[in-house]
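Have the model open while you read.

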Amino acid sequence: MAAPLSVEVEFGGGAELLFDGVRKHRVTLPGQEAPWDIRNLLVWIKKNLLKERPELFIQGDSVRPGILVLINDADWELLGELDYQVQDQDSILFLSTLHGG
């Protein structure tokens, strides 16, 4: 079994409102047989951090269109998106680019 991972998960651009207004979360992901990837992390976030209106953050098994995901300041599209394997001490930012008006 893999060791637990300590990662920073941050929400911005209005997405933090779905998480009780808390922008930064230092979380410990429990050790498990398979490596953690973003797909597993999104399930964990939905279960453990998301407080309201999951449809504004999750669509299917990914984030909604309009949410930019940065892993250690790099666009997740360059890193494999949902298949990116989360590493200890990663910083993952979910930034909503959708604004009401």
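The points below go from the basis of the model to its core, then to its aromatic pairs.

1. **Basis.** This is a predicted model: local features need pLDDT of at least 70, side-chain atom pairs count only at pLDDT 80 or more, and totals for chains, interfaces and linings use all residues. Residues are numbered from 1 along each chain as its sequence is written, and side-chain values use heavy atoms, leaving out hydrogens and water.

2. **Core.** The largest nonpolar core holds 29 residues. Such a core is a set of buried Ala, Val, Leu, Ile, Met, Phe, Trp, Tyr and Cys residues joined through side-chain atoms within 4.5 Å. Buried means under 20% relative accessible area, exposed over 50%, partly exposed in between, with a 1.4 Å probe and protein chains only. Phe 11, Leu 29, Ile 38, Ile 45, Phe 57 and Phe 94 have the most contacts inside this core.

3. **Who supplies it.** At least two core residues come from each of strand 1 (5-12), strand 2 (24-29), helix 1 (38-48), strand 5 (67-71) and strand 7 (91-96). Helix 1 gives the largest share, five residues. Helices (H or I, at least four residues) and strands (E, at least two) are DSSP runs, numbered from the N terminus.

4. **Ile 38.** Contact means heavy atoms within 4.5 Å. Beyond its neighbours within four places in sequence, Ile 38 contacts Ile 71, Trp 76, Glu 81, Leu 82, Tyr 84, Val 86 and Ile 92.

5. **Ile 67.** This residue sits in strand 5. Ile 67 counts as buried because its relative accessibility is 10%. Residues up to four places away aside, Ile 67 touches Leu 56, Phe 57, Phe 94, Leu 95 and Ser 96. Ile 45 is 22 residues from Ile 67 in sequence and 15 Å away in space, C-alpha to C-alpha.

6. **Phe 11 and Phe 57.** There are five aromatic pairs in the structure. In this one, the ring centres are 5.7 Å apart and the planes at 75°, so the pair is edge-to-face. Rings of Phe, Tyr and Trp (its six-membered ring) pair if their centres lie within 6.5 Å; planes under 30 degrees apart count as stacked, over 60 as edge-to-face and the rest as tilted. Phe 11 is in strand 1 and Phe 57 in the loop between helix 1 and strand 3 (58-59), so the pair ties together parts 46 residues apart in sequence.

7. **Phe 57 and Phe 94.** With centres 5.3 Å apart and planes at 70°, these rings are also edge-to-face. Phe 94 lies in strand 7, 37 residues from Phe 57. Both are buried. Phe 11, Phe 19, Phe 57 and Phe 94 make up one aromatic cluster.
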